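Notebook open, model loaded. I want to jot down what I looked up, one entry at a time.

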Amino acid sequence: MNNYKTVIKTEKFPQLTRRVLTTENGLKSNNVTAMRFDNNGVLFVGTDKGLARFDGEKFSPVNIGVKDAEISMIYFDADNHMFVGVGNSMLEFDGKKKVSAKEFSSKLVDVKVDLDGKTWILTETVLYKLDGKGGYEIEIGVPGKGSCLAVYKNNKVYVGTNGGGLHALAGKRWHWSELMHGITGSLSDTVTCLYMDPVGNIWVGTDKGVCVYDDNSYWLDHSKIAGLPEAHITDMAIAENGDKYFATTTGLIHQHNGRLSYYGYKRWLPSPHATGVAISPDGTVCVSTDNGISLFETRMMSLKEKAVELRSQTEKYNVNRGYVLDRHLDNEGVVSLDEGYVPATDNDGLWTGLYTAALCFEYACTKDPEVRAMAKRSLLAMIRLTRITGIEGFTARAIRYPDARDYGTGARHEWHFTKDEDGEECEWLGETSSDEMVGHFYCYANYYDLVADDEEKALIADVVNKILNHIIDHNFRLIDTDGLPTTWANWDPDLLNNDHKWIYEKGTNSLQMLTFLKIGYHITGDEKYEKLFVKFAGQKHFAMNLMQYKIPDGHLLHIDDSHDFLMISLLMKYTDDPNLRSIFAMGLTHHWEDEKVERNAFFNFVYGASTGERYNAEDAIDELMDCPMDQVMWPLYNSYRNDLKWDMAPTELGMPPQLFDPLPAHERRITSNDCNRFTVDSGAEDVAQAKFEKSDDPTAYTMFPGTGNDKGLCFKSCTNFTHPYWYARYYGLIEDCE
C-alpha cells in the first residue's frame with residue numbers, strides 16, 4: 001500500500017479561560033449565596049453581606065435598603081425586573097428603585113415562571129402560585145425543608161427538599177405525592193436542584209448524583225447510562241445549546257453531547273466546593289464557590305493564535321539569559337515580573353533546546369524576524385553550555401550567575417566556579433546526562449536546517465564536531481572534571497549490548513548514538529561520522545537494537561519515551577537508505593503502538609510525519625485545543641471520581657496507582673512529554689483529607705500522590721504546546737486558519 005499523509009485543516013475554536021473573582025474585585029464577601037445574570041448578560045451576585053453588580057472588571061455594591069443583607073435568591077422576570085430574597089422578604093426592583101416587597105413566613109428559596117406564564121414562589125415551608133391580582137391561587141405547605149423548585153405547565157410542579165425527598169403537586173384537592181429514595185428510582189432524599197426539560201422530564205440533582213424522571217415511573221441515573229454525573233450536586237444550569245452544567249462539592253461538571261468534562265480545584269475553581277452555577281445569554285458560565293467565583297469565558301481563536309499567545313507569555317516570564325525554563329512563583333498563582341524567578345535546572349540544555357526547536361519550526365513557517373532573533377538568542381545560550389566547562393566538547397547541564405537566588409548552593413562537587421567568555425563570574429553544573437545531549441543535537445539539527453545563515457552554520461558545525469569528538473575519544477562516554485564517566489551519558493556499544501545493567505537503555509541509547517552520528521555527518525560533512533554510523537548500525541548491531549528499541553514498561557518511564565521520539569524524527573529524516581529506514585520504522589511503529597493510548601500530540605505527529613502512515617490525528621488536535629492557556633502548575637484532585645479506571649499494577653513496584661487512560665488535557669497536570677499523563681492527583685492532600693473527614697463513607701474519597709506536588713508555585717514554559725504545533729505545521733500535518 002502507498003503511504004499517505006493525514007492532513008488536518010483546523011478552524012477557529014472556542015478556547016476556554018477562567019477568571020477568579022473575590023473580595024479583591026469588589027465583593028463584600030467570598031461566601032456567595034446567590035447568583036444570576038440579568039436578561040442583558042449583567043452578573044449580579046448575592047453574598048452573606050449584600051448584593052453586588054459586576055461590570056466586567058469589578059463589582060459594585062447594589063443598595064437594596066438592607067445593610068449587609070444575606071441574599072438567598074436572585075431572579076429576573078421577562079421585563080428584567082429583579083427579585084431578591086432577603087430572609088423572609090422578596091424585594092422587587094425595576095432597575096432604578098424598589099417597586100414592591102412581599103413578606104413570607106419563612107426564608108425565600110426560589111421563584112419560577114411556568115409555560116402558562118404563571119409565577120410560583122417557594123419558601124422553606126410554603127409553595128405559592130400568584131393569581132396575578134396580588135393574591136395567591138395556590139398556597140400549600142411543603143413537607144420538609146424546601147430547597148428547589150421546577151415548574152412546567154398545567155400546574156405540573158415539583159419541589160425538592162433537604163432530606164425529605166422529591167414531591168410532586170397532584171390532585172384536584174392539592175396535595176403532595178412523595179417520591180422517596182428506596183421506593184422510587186430517586187437516588188437520594190436530599191434534593192438540591194431541579195430542572196424541567198422541554199418535554200417535561202425532571203432532572204433531579206441530589207447529594208448522590210443526577211437522576212432523570214419521566215413524571216410517571218421511569219428513572220435514569222449514572223448506574224444505567226453514561227453522561228449523568230455521580231457526585232454531590234449543589235446546583236445545575238442549562239445553556240441555550242442544551243449543554244448542562246452541574247456545580248458539585250468537588251468542582252464543576254459540564255455535560256456536552258453526552259460527555260462529561262470536569263473542572264476542578266484549583267486550575268478552574270478557587271475552591272473545590274462549588275455552590276452554584278449561572279449562564280449568561282452569550283454563554284458565559286459563572287461558578288460560585290465558598291471562596292469566591294470563577295468566570296468561565298470562551299473566545300474564538302486559531303491554534304496559531306494560541307501558539308503565539310503562549311509563546312509571548314513564555315518570552316515574558318520564562319527566559320533567563322537565553323535559557324527558557326519553568327518560572328518559580330513566590331505566591332500561589334501570581335505570575336509577575338515583580339516576584340518569582342527562573343532558576344537553573346538539571347537540564348537547561350534540554351528544555352531550552354526544545355523551546356528553540358519550536359522557534360525554528362515557527363520561523364520556517366512564518367519567516368518572522370522576531371522569532372528568528374529569539375531562536376538565535378537561545379542557540380547562543382545553548383552553545384555557551386559547551387564552552388563554559390573548559391573541557392573541549394564536554395557540555396554543562398546549567399550555568400548560574402551571582403544574581404541567582406540559589407547561587408553557590410547544591411552539590412559542590414558538581415557545581416564549578418569559573419568566568420564566562422565576557423569575564424563574568426559564574427558557576428556551571430556537571431554530571432551531564434544523555435538527556436542534555438538529546439536536547440543539544442535536536443536543537444542544532446533543526447536550527448541548522450531551518451534558520452541558520454552561513455556564519456551560524458559554521459558555529460553549529462564547530463560545537464557539534466567538538467561534542468562528537470569528545471564522545472568518540474572517550475569510548476562513547478562523557479568524561480567529567482574528575483576524569484570519570486558521567487552516570488547516564490553512555491553510548492558504549494559493548495556496555496549497551498552486553499551489560500544487562502544497561503538493558504533498559506540499550507535501545508534508547510543506540511537510537512541516540514546513530515542519530516548523533518547522522519546529525520554530525522549532515523552538519524559537518526565529516527566522513528568519519530558516516531563510517532561510524534555504518535559500523536555501529538551493522539557490526540555493533542545498533543540497527544537491530546532499533547527494531548524494537550522500546551521495552552514496554554507499563555507507562556511508568558516517560559523520560560526515554562520523549563527522547564526516543566525526538567531522536568527517531570531526525571534519524572528518519574537523515575536516513576536515505578530505504579532498507580535502513582524500514583528497519584528504523586519498525587522500532588518507531590512498535591513504540592507508537594505502545595504510546596498511542598497517551599494521545600500525545602507530538603508523538604502522533606512524529607509518527608505521521610516520519611512514516612506517512614495514518615496516525616491519531618484527531619487525538620493530537622484535541623490535545624492542542626484542550627490544552628489550558630493557564631500554564632500554572634495548580635494542585636490537582638481527581639481520585640474521588642468513580643468514573644476513573646485504575647491500573648493497580650504500579651503498586652507491585654511500590655508506585656502509586658495510575659489510570660489506564662489519561663485524563664483530558666484540561667483535567668490533568670500540565671506535562672512535558674517526559675512526564676506521567678496517567679496521574680490524577682498532585683499537591684491536594686489537604687483537600688482530599690477535608691473531604692474524607694466530612695464523608696460518612698470512609699471509601700468515598702481517596703488521594704493518590706501521583707508524580708508531583710503542585711502548589712500553584714510553578715509557571716511552565718509553553719513548549720508543551722508550541723513544539724508539537726509548529727512541528728506539525730512545518731511537516732504539513734496541520735493547515736491552520738490564519
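**Salt bridges.** I call it a salt bridge when a side-chain nitrogen of Lys or Arg is within 4 Å of a carboxyl oxygen of Asp or Glu. By this rule I get 42 salt bridges. This is a predicted model, so local features need pLDDT of at least 70 and side-chain atom pairs count only at pLDDT 80 or more, while totals for chains, interfaces and linings use all residues. Residues are numbered from 1 along each chain as its sequence is written, and side-chain values use heavy atoms, with hydrogens and water left out.

I looked up a few of the pairs. Lys9 bridges to Glu735, with the closest N and O atoms 4.0 Å apart. Lys9 sits in strand E1 (residues 8-10) and Glu735 in strand E41 (residues 734-736), so this pair ties together parts 726 residues apart in sequence. My helices (H or I, at least four residues) and strands (E, at least two) are DSSP runs, numbered from the N terminus. For accessibility I use buried for under 20% relative accessible area, exposed for over 50% and partly exposed in between (1.4 Å probe, protein chains only). Lys9 is exposed at 63%, and Glu735 is partly exposed at 42%.

Next I took Glu309 and Arg299, whose closest N and O atoms are 2.6 Å apart in their salt bridge. Here helix H1 (residues 303-317) supplies Glu309 and strand E29 (residues 292-301) supplies Arg299, so the parts tied together are 10 residues apart in sequence. Both ends are partly exposed: Glu309 at 29% and Arg299 at 36%.

Glu685 and Lys711 make another salt bridge, at 3.5 Å between the closest N and O atoms. Glu685 is in helix H14 (residues 685-694), and Lys711 is in the loop between H14 and strand E40 (714-715), so the pair links parts 26 residues apart in sequence. I also noted a network of salt bridges that links Arg372, Lys376, Asp453 and Glu456.

**A sheet.** In what order do the four strands of the open sheet run? I read E19-E20-E21-E22, with antiparallel pairing. Strand E19 (191-196) and strand E22 (219-220) are the edges, each pairing on one side only. Two strands count as paired if DSSP finds at least two bridges between them. For strand E20 (residues 202-206) and strand E21 (residues 209-213) I find five bridges, in the antiparallel sense. Gly205 stands opposite Val210 in E21.

**Met382.** Buried or exposed? Met382 is buried, with 0% relative accessibility. This residue belongs to helix H3 (residues 369-387). I set contact at heavy atoms within 4.5 Å. Skipping neighbours within four places in sequence, Met382 has contacts that include Tyr323, Gly349, Thr352, His440 and Tyr444. From Met382 to Thr356 I get 9.4 Å, C-alpha to C-alpha, across 26 residues of sequence.

Most residues other than glycine have a negative phi, and most peptide bonds are trans. So I went looking for exceptions.

- Tyr265 and Lys266 are joined by a cis peptide bond, with omega about 5 degrees. Lys266 is in the loop between strand E26 (259-263) and strand E27 (274-279).
- Phe476 is not a glycine, yet has a positive phi of about 60 degrees. I find Phe476 in the loop between helix H5 (454-473) and strand E36 (477-479), buried at 9% relative accessibility.
- His541 has a positive phi too, near 40 degrees. This one lies in the loop between helix H8 (527-538) and helix H9 (542-545), and His541 is partly exposed at 31%.
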